[in-house]
Protein chains: 2
Amino acid sequence: VRKRHVELPEPTLSDDAADLLRLERQIGPFEADLDALRNLATLLRGESFRGTAVLSDHRLIDFERGDTTRQCYGVAFDIGTTTVAGTLVDLNTGEEKAVGACMNPQVRFGDDVLSRIRHASENDEGREELRDSVLSAVGQLVEELCGQAKIVRRNVYEATFAGNTTMQHLLCGLDVEPLGVVPFAPTCARGVAARASQLGLRIHPRAMAYVFPVIGGFVGGDTVAGLLATRLAGGETPSLMVDIGTNGEIVLAHDGKVWAASTAAGPAFEGARIACGMRASRGAIEKIVLDDDLRVSVIGNAPPVGLCGSALVDAVGQLLARGAISPEGRLLQNDELPDSLPEAIRRRITPGENGQGEVLLADGTSAGGGRVVLTQRDIRELQLASGAIRAGITLLLRQAGLEPADLQRVCIAGGFGSFIRRNHAQRIGLIPPGIDHTRIHYVGNVSLKGARWALLSTHARARAEQIARESTHVELSQDFDFQAEFAEAMIFPEPEDAC
Amino acid sequence: VRKRHVELPEPTLSDDAADLLRLERQIGPFEADLDALRNLATLLRGESFRGTAVLSDHRLIDFERGDTTRQCYGVAFDIGTTTVAGTLVDLNTGEEKAVGACMNPQVRFGDDVLSRIRHASENDEGREELRDSVLSAVGQLVEELCGQAKIVRRNVYEATFAGNTTMQHLLCGLDVEPLGVVPFAPTCARGVAARASQLGLRIHPRAMAYVFPVIGGFVGGDTVAGLLATRLAGGETPSLMVDIGTNGEIVLAHDGKVWAASTAAGPAFEGARIACGMRASRGAIEKIVLDDDLRVSVIGNAPPVGLCGSALVDAVGQLLARGAISPEGRLLQNDELPDSLPEAIRRRITPGENGQGEVLLADGTSAGGGRVVLTQRDIRELQLASGAIRAGITLLLRQAGLEPADLQRVCIAGGFGSFIRRNHAQRIGLIPPGIDHTRIHYVGNVSLKGARWALLSTHARARAEQIARESTHVELSQDFDFQAEFAEAMIFPEPEDAC
């Protein structure tokens, strides 16, 4: 999208060319949207033939009163199964003017992708319900982002969306039923360019929207956007990207080739299905350090009200290292705990309400804070999530004939906290042992970052389409080796294996 | 628009490509409209991956159950100030399946272009009223054409429109106010490609529409379509096209150049502002022969209820030749009539109700028929209309340095009757004297014909754009020479001048 302020010569009898032609003489040839022309004549004549042309990919979508060239914005979204994140970008400078995130309200129809597909398939209005649901969240985020940046919706001229295949299909109003049955073929793998209004998004009435291309039924546009933003695809040296969301997507790039797979990691890393879990937002414990006691850092320096993914990894990783959690994932009872464990920490470990054991992280005595615990069940959820991802990584490496130690670069992506401690991630077995931990990088929400790039550059979109087209989709759910690997990965690795 | 029936291989684990890609593998690359994809997966899976793809200019707009390749239609319209004509075309064969016409219901807001512009400019809802009005007529015609051809609206995938600049602007919902003031600059001179739904036309929900390019504020898409259909533009020998509607458009082509002008001829040739005037439809007297009496031919062999343009020209032309109308255009009183006039004709000429004189064409005694007269006022209307056109022709010839006798081909276009008698047209001074009458051809509604061509060929559209771009617009209303010519042309030519 670009804007051009113009001052046109007024028509005369000797030059009675059409308004549009006068405009083209100044800014070069373009297509014109009929709706953008409806009041062009009135506006030009009311403003002495001055104003600002708004062009979206060489298509005139509006002509505005005065010089509005500086008000030119776009929005990019990462539509996750559990979390929707968005950013508002100044299209002139590329600057991020506002960011925000919220829960994907579709969770009320089920917390994983398959339950959403089931809801859409089994109910007459299911697909529309899910679509309306995510649209309402996107709409609210747009409102919030515009509020933060103090701009109006009408100055948002473009939107991009990256999400897993099911989320993108639901957003587009496509049929998701085939995504729930073998061989999980999507309707459309290419990126979808549509009018934002066709998607149901209320920004500028003639804004365009771009939804990312996907690699397969379970490796979606979020992964493609992540590959775009990390520049992983196309490299020669073995590199890995692990995008941890409700599903865990794993991509291995090596020797110009790209293999991509998805595992049903579950939403533990995003704080869902965790007793005191929450998104990485104000009040979330994001970091936990165990020394003579257990100390927490809270996002926004606020009283703690829950914990997010990175803190979950910290807690389990360190309790494992201290011997308070067994390799099988059992939180030891008080009389089983190793003597080396400081008394302060030991006191935090109690049988809890249901007698299965829990760890007190915050006692809820600070004003506005809550009681935050880590439960035995939470440990199991993390074990499942990590195990699925580690098994996936092992399988992809095997497919490419590589060992973990061959990996030169490992990017861990996801919106589960400020960052994830590499050693703890390895300790809980999220990443296979044998990888030099200096090669592990936490890269944040690269899906959103890729979506932002696609907002600013058509070259980035072309690259995304190429990445999606050229990547090989590896279907793990039908793979017997994966099942075996998964079972094995369910046991936390031995400490000597970890770095 | 083309349709392709396909049978696709079903997706398997070893070939889990997206539905769209499977389709592209068979029919080549295309863009896809998001709305066309929404039920693609369901439909493919319900029909064993068979069906018919509908492509509009390499864009997938639908996928239909079964083999529907034979049901592929388009509609073309000529939107006149007084009359709207349409045709339904089989896009596979080019065959015309139905034709129809009706009054442009905008006439209730004024019977010429300027009164429509005034209505649109002076009333808040005026522009919308006029748009709704013409759309209702187009919608009814579509309904009627589909009924005639026994097809459903949804199988109409494309529409084209040719009309004068004001009619086209009103149809598109553009501002017409500037078309009413010097220098009459249109918003847009190029052709408009838009979704039919954006125009408000209810055919296939994702059908496209094309509105013709215009040459100037008063030389519109109807003229361009006419030039396309007559292949007049681009020729070397001097040729003339006169399109007679509510406005009379005159185009002179010579030596690769094209000059186009418009005159406010008034709607007389279409039967409007004529006492017993009507469109050239069932019940209209379309031909009049004077021998020992006055004899009429009626369209549809029905009892006469009025007269259309061609009969008006016949009547005045022959009454002039017989001396019953003076060169100044006065219908002589009974005692002034020449002795040579047969008694039967003489008896038809009476002072009429207002004493200004009238000629009885049909006495209304036949069952279902009406009394049809030609009044003094009708003669004045025809005189004005013809005079304006003749003056325009004279001016354009002068501009090109040509004499009437230089013209090798004169095409008279318009929907005012089955055809117009060349000698009568020259007798009433519609066409300047001095043109060999074998060079005069009645070509019918070439605007509609050109619109039909544009429905079938993108090449025709490109040619139309070129014609519009390369033609020179001659603005007569501001020309003093024209005013003088017009005054002179108001007198019927001397008989010896005519052939």
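**Ground rules.** I am working on a predicted model, where local features need pLDDT of at least 70, side-chain atom pairs count only at pLDDT 80 or more, and totals for chains, interfaces and linings use all residues. Residues are numbered from 1 along each chain as its sequence is written, chains are lettered from A and ligands numbered from 1 in the order in which they are written, and side-chain values use heavy atoms, without hydrogens and water.

**Cavities.** How many cavities of 30 Å³ or more does the structure hold? I found 2. A cavity here is a set of points, on a 1 Å grid over the protein atoms alone, where a 1.4 Å probe fits but cannot get out; lining residues have an atom within 4 Å of a point. Volume is the space filled by probe spheres set on the points.

Helices are DSSP runs of H or I with at least four residues, strands are runs of E with at least two, and both are numbered from the N terminus.

I then turned to the second largest cavity, at about 50 Å³. Among its lining residues are A:Q168, A:H169, A:C172, A:R190 and A:F212. Helix 6 (residues 165–172) of chain A supplies the largest share, 3 residues. I sorted this lining by class: 7 nonpolar, 2 polar and 1 charged. Ala, Val, Leu, Ile, Met, Phe, Trp, Tyr, Cys and Pro count as nonpolar, Asp, Glu, Lys and Arg as charged, and the others, Gly among them, as polar.

**Strand 8 of chain A.** Is strand 8 (residues 156–163) of chain A mostly buried or exposed? I count 8 of its 8 residues as buried, meaning under 20% relative accessible area with a 1.4 Å probe and protein chains only. Strand 5 (residues 73–79) of chain A pairs with strand 8 of chain A in parallel over 6 bridges; pairing requires at least two DSSP bridges. A:Y73 has A:V156 as its bridge partner. Strand 10 (residues 208–211) of chain A also runs parallel to strand 8 of chain A, joined by 4 bridges. There, A:T160 partners A:Y210.

**An open sheet.** In chain A, 3 strands form an open antiparallel sheet, ordered 17-18-19. Strand 17 (349–350) and strand 19 (371–375) of chain A each have a single partner strand, so one side of each lacks a neighbour in the sheet. Strand 18 (residues 358–363) of chain A meets strand 19 of chain A over 5 antiparallel bridges. A:E358 stands opposite A:T375.

Definitions and conventions: On a 1 Å grid over the protein atoms alone, a cavity is a set of points where a 1.4 Å probe fits but cannot get out, and a pocket is an open set with protein on both sides within 12 Å along at least five of seven lines; lining residues have an atom within 4 Å of a point. Buried means under 20% relative accessible area, exposed over 50%, partly exposed in between (1.4 Å probe, protein chains only).
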